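Here is a short briefing on the structure below. Read it with the model open, and follow the residues as they come up.

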Amino acid sequence: MQIKEILSLSPSNQNLVIKGWVRTKRVSANVAFIALNDGSTIHNIQGVVSDGAVSEETLKLVTTGACIAMTGTLIPSQGQGQSVELQVNSIEVYGVADPEKYPLQPKKHSLEFLREIAHLRPRTNTFSAILRVRHALAYAVHTYFNQNQFFYLHTPIITGSDAEGAGEMFRVTTLPATNPPLTEDGKVDYKEDFFGKETNLTVSGQLEGELGAMALSKVYTFGPTFRAENSNTTRHLAEFWMIEPEVAFNELEDNMNLAEDFTKFCIKYALEHCADDIAFLEKRLLDEEKTKKKEEQSELSLTEKLRFVTENDFERITYTEAINILLQSKTHKQGKFQYPVEWGIDLQSEHERWLVEKHFKKPVILTNYPKDIKAFYMKLDEDGKTVRAMDVLFPGIGEIIGGSQREDDYEKLLQRTKDVGIEEESIWWYLETRKFGSAPHAGFGLGFERLVLFVTGMSNIRDVIPFPRTPKTAEF
């Protein structure tokens with residue numbers, strides 16, 4: 001049985017074997033108290049070792065980080081903090097941990113230090129909690145889409161197209177790093193490569209997702225994506241996971257409804273199934289907030305922030321309306337925004353958060369952005385200046401979802417690819433779906449780590465994925 005199950009039992013002198021890793025051991029008046037954790041819960045179980053029950057030689061090996069099995073009787077706890085404990089009569093040591101060398105001692109460690117030992121940080125309370133929440137959110141994603149008759153589509157990780165037109169992709173090749181084959185004009189001859197053409201790691205499964213939606217009506221992808229962007233911010237990873245639903249016959253309004261319903265479902269699931277972990281992370285966040293200047297402190301606790309999303313209807317306004325609101329704000333007029341505000345800009349996080357936290361005091365969905373700051377595949381509005389895009393904005397994080405109604409008109413889509421410099425030959429198959437049975441359709445992308453970041457209250461995206469990939473960092 002796992003510790004999570006054992007802690008919920010009514011003690012009746014059951015004989016149990018409990019296995020896990022030692023968090024702490026303290027000795028008092030010939031009695032040793034061992035806190036054991038197996039990762040199933042934020043809570044430890046206490047093992048009480050009376051004098052003589054276990055040899056001194058074995059007990060010396062029971063140090064923080066050691067992996068052991070405790071055998072004994074489950075009894076009502078005599079101390080505070082737990083309802084049951086194990087009266088230990090034997091211990092088997094699976095793996096020792098030299099206390100002089102084991103880096104995770106019972107004290108507070110910085111997140112920066114823990115990133116350097118990512119192979120061990122899941123054993124800390126903070127990271128075990130984050131990983132359990134991450135699991136619950138992933139399960140919620142699949143549960144939501146399955147309950148709503150979506151089909152899970154596995155899209156390629158290796159691709160010959162650039163879905164965003166950003167050009168910041170990781171190349172995939174088997175050609176030699178030195179002296180690769182060259183064409184007559186001195187360029188690398190990718191016809192000699194494994195796939196016979198230049199290929200990269202995907203930045204999105206969306207384009208292939210659209211192909212699936214044109215046959216199955218409702219699909220979603222949930223897989224790894226890659227951006228070779230030399231960015232060292234707290235919001236960027238080079239490898240991350242994307243959730244991308246795509247729905248035939250959906251238009252912009254339907255897309256907004258889906259995004260709101262989906263995110264509320266996932267957050268409610270985490271609140272219901274990860275209550276202990278979220279409570280722990282909330283306390284951690286409150287302690288962190290106390291170290292900040294008063295004007296930098298959040299007005300909402302972690303649970304309040306989550307309920308801010310689940311219990312409010314999302315405000316829906318156009319980009320143009322948002323710009324006008326920002327221009328009329330005291331914050332703008334007093335020059336307190338770091339970045340300028342004018343029609344045509346790509347809104348910064350400070351603008352998005354102001355709209356959510358200060359003005360509307362609820363999550364916001366912005367729509368109908370200028371076409372020049374959005375991707376080529378978004379459907380043009382009748383004014384020819386804006387597209388049927390939508391961004392979902394959350395407190396503390398800004399944009400968490402980006403999506404749109406897709407351009408379903410072949411000629412208009414072809415012109416947009418030319419406008420942004422995408423070669424028709426590289427996405428001929430994508431364009432061709434607009435020739436054969438084209439239909440209105442819409443979808444969005446949610447960076448999974450952004451969702452985990454929001455739900456856990458962490459401040460750096462490198463701390464919500466087990467092994468972060470960032471510039472100059474691929475150690476583990």
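Two strands count as paired if DSSP finds at least two bridges between them. By that rule, β14 and β15 form a hairpin with 3 residues between them. This is a predicted model.

- Strand β14 spans residues 386-394. Of its 9 residues, 8 are buried, so the strand is largely enclosed by the rest of the structure.
- β14 pairs with strand β13 (residues 364-370) in the antiparallel sense, over 6 bridges. I365 has V392 of β14 as its bridge partner.
- β14 also runs antiparallel to strand β15 (residues 398-405), and 6 bridges join them. Here L393 stands opposite E399 of β15.
- The turn of the β14-β15 hairpin holds G396, whose phi is positive, about 80 degrees.
- In a regular strand, side chains alternate between the two faces of the sheet.

**The sheet of β7, β9 and β8**

- An open sheet is built from 3 strands in the order β7-β9-β8, with antiparallel pairing.
- β7 (158-159) and β8 are the edge strands, and each pairs on one side only.
- The β8-β9 pairing is antiparallel and has 2 bridges. R171 has N200 in β9 as its bridge partner.

**Positive phi outside glycine**

- A29 is not a glycine, yet its phi is positive, about 50 degrees. A29 sits in the loop between β1 (15-28) and β2 (31-37).
- Is A29 buried or exposed? A29 counts as exposed, because its relative accessibility is 69% and the cut-off for exposed is over 50%.
- N368 is another residue other than glycine with a positive phi, near 55 degrees. N368 belongs to strand β13.
- N368 is buried, with a relative accessible area of 18%. The cut-off for buried is under 20%.

**Aromatic pairs**

- The model has 20 aromatic pairs, counting rings whose centres lie within 6.5 Å.
- Y144 and F265 form a tilted pair, at 5.4 Å centre to centre with 55 degrees between the planes.
- That pair links distant parts of the chain. Y144 is in helix α4 (residues 125-147) and F265 in helix α6 (residues 252-273), 121 residues apart.
- Y144 counts as buried at 4% relative accessibility, whereas F265 is partly exposed at 24%.
- Y319 and W343 form an edge-to-face pair, at 5.8 Å centre to centre with 80 degrees between the planes.
- Y319 lies in helix α9 (residues 319-328), and W343 lies in the loop between α10 (330-333) and α11 (349-360). The pair therefore ties together parts that are 24 residues apart in sequence.
- Y319 counts as buried at 0% relative accessibility. W343 is partly exposed, with a relative accessible area of 40%.
- Ring pairs also make a cluster of Y144, F145, F150, Y152, Y220, F262, F265 and F444.

**Charges over rings**

- R26 places its charged end over the ring of F33, 4.4 Å from the ring's centre.
- K374 lies over the face of Y369, at 4.3 Å from the ring centre.

**A nonpolar surface patch**

- Which residues form a nonpolar patch on the surface? I157, I158, F194 and F195 do, with about 400 Å² of accessible area together.
- F195 is located in the loop between β8 (171-172) and β9 (199-201).
- F195 is partly exposed, with a relative accessible area of 43%.

**Helix α14**

- Helix α14 covers residues 448-456. Of its 9 residues, 9 are buried, so the helix is largely enclosed by the rest of the structure.
- The buried residues of α14 include F448, L451, L453 and F454. E449 and R450 are also among the buried residues of α14.
- An α-helix has 3.6 residues a turn, so residues three or four places apart point the same way.

Terms used: Residues numbered from 1 in each chain as written. Predicted model: local features only at pLDDT ≥ 70, side-chain atom pairs only at ≥ 80, totals over all residues. Heavy atoms only, no water. Buried < 20%, exposed > 50% of the residue type's maximum accessible area, 1.4 Å probe, protein only. Helix = DSSP H or I, 4+ residues; strand = E, 2+ residues; numbered from the N terminus. Patch = residues over 30% accessible without salt bridge, like charges linked within 9 Å, V, L, I, M, F, W, Y side chains within 5 Å. Areas by Shrake-Rupley, 256 points an atom, 1.4 Å probe, with all protein chains shown as cover. Salt bridge = Lys/Arg side-chain N within 4 Å of Asp/Glu carboxyl O. Phe/Tyr/Trp six-rings, centres within 6.5 Å; stacked < 30°, edge-to-face > 60°. Lys NZ or Arg CZ within 6 Å of the ring centre and 35° of its normal.
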